[in-house]
Amino acid sequence: MATDIPTARRGLLAFLAKQGGSLPMRELHTHSLLFYQAGHQAFSQLMEGLVADGLVVFDDGTFSLTDAGRQTLADG
């Protein structure tokens, strides 16, 4: 089954928010794999897109929501 990209993007943002706004890459990757069937390559593409869109930042092995990412969730 192919990964539903829009659903996975929104789901990953929501999961980050639920976890306090940041998570180590390993934990977010595991969530991505279990809930969105996004393996390594799909996860990388999803997260590169979220970073490029300014919705998350990646630093020292951790993904964190940005204000733009929080606003995207709030906008529904």
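**Close-up views of helices, rings and loops**

**View 1. Helix H1 crosses helix H2 in a right-handed manner.** A crossing is right-handed if the near helix is turned clockwise from the far one by less than a right angle, and left-handed if anticlockwise. The model is predicted: local features need pLDDT of at least 70 and side-chain atom pairs count only at pLDDT 80 or more, whereas totals for chains, interfaces and linings use all residues. Residues are numbered from 1 along each chain as its sequence is written, and side-chain values use heavy atoms, with hydrogens and water left out. Helices (H or I, at least four residues) and strands (E, at least two) are DSSP runs, numbered from the N terminus. Two packed helices are described by the angle between their axes and the distance between the axes. Helix H1 covers residues 5-18, and the axes of H1 and H2 come within 11 Å and cross at roughly 135 degrees. H1 is therefore oblique to H2. Axes are lines fitted to C-alpha atoms, for helices over the stretch in contact, and angles run from 0 to 180 degrees between N-to-C directions. Angles under 35 degrees count as roughly parallel, over 145 as roughly antiparallel, 65 to 115 as roughly perpendicular and the rest as oblique. On the H1 side, Thr 7, Ala 8, Gly 11, Leu 12, Phe 15 and Leu 16 make the contact; on the H2 side, Leu 28, His 31, Ser 32 and Tyr 36 do. Contact means heavy atoms within 4.5 Å.

**View 2. His 31 is a residue of helix H2.** With a relative accessible area of 9%, His 31 is buried. Buried means under 20% relative accessible area, exposed over 50%, and partly exposed in between (1.4 Å probe, protein chains only). When neighbours within four places in sequence are left aside, His 31 is in contact with Gly 11, Leu 12, Phe 15 and Tyr 36.

**View 3. Helices H2 and H3 meet in a right-handed crossing.** The two axes come within 10 Å and cross at roughly 115 degrees. H2 is therefore roughly perpendicular to H3. Met 25, Leu 28, His 29 and Ser 32 of H2 make the contact with His 40, Phe 43, Leu 46 and Met 47 of H3.

**View 4. Phe 43, Phe 58 and Phe 63 are linked into a cluster by ring pairs.** Rings of Phe, Tyr and Trp (its six-membered ring) pair if their centres lie within 6.5 Å; planes under 30 degrees apart count as stacked, over 60 as edge-to-face and the rest as tilted. By this rule there are 3 aromatic pairs. One of them joins Phe 43 to Phe 63 edge-to-face, at 6.2 Å centre to centre and with 90 degrees between the planes. This pair links distant parts of the chain, with Phe 43 in helix H3 (residues 40-52) and Phe 63 in strand S3, 20 residues apart. Phe 43 and Phe 63 are both buried. The ring centres of Phe 58 and Phe 63 are 4.5 Å apart and the planes lie at 45 degrees, so this pair is tilted. Phe 63 has a relative accessible area of 5%, while Phe 58 is partly exposed at 41% relative accessibility.

**View 5. Thr 66 lies in the loop between strand S3 (62-65) and helix H4 (67-74).** Its relative accessible area is 16%, and Thr 66 is therefore buried. A polar atom of the Thr 66 side chain lies 2.5 Å from the backbone oxygen of Gly 54. The backbone nitrogen of Gly 69 lies 3.1 Å from a polar atom of that side chain. A polar contact is a pair of N or O atoms within 3.5 Å; within protein, one must be able to donate a hydrogen and the other to accept it, and residues adjacent in sequence count only if both atoms are side-chain atoms. Residues up to four places away in sequence not being counted, Thr 66 touches Gly 54, Leu 55, Val 56 and Val 57.

**View 6. Gln 37 and Asp 60 each lie in a loop.** Gln 37 is in the loop between helix H2 (25-36) and H3. Its phi is near 50 degrees, a positive value in a residue other than glycine. Gln 37 is partly exposed, at 37% relative accessibility. Asp 60 is found in the loop between strand S2 (56-59) and S3. Although Asp 60 is not a glycine, its phi is positive, at about 55 degrees. Asp 60 counts as exposed, with 74% relative accessibility.

**View 7. Leu 73 belongs to helix H4.** Leu 73 is buried, at 17% relative accessibility. Apart from neighbours within four places in sequence, Leu 73 is in contact with Arg 10, Leu 13, Ala 14, Ala 17 and Leu 65. Leu 73 and Phe 58 are 15 residues apart in sequence and 18 Å apart in space, C-alpha to C-alpha.
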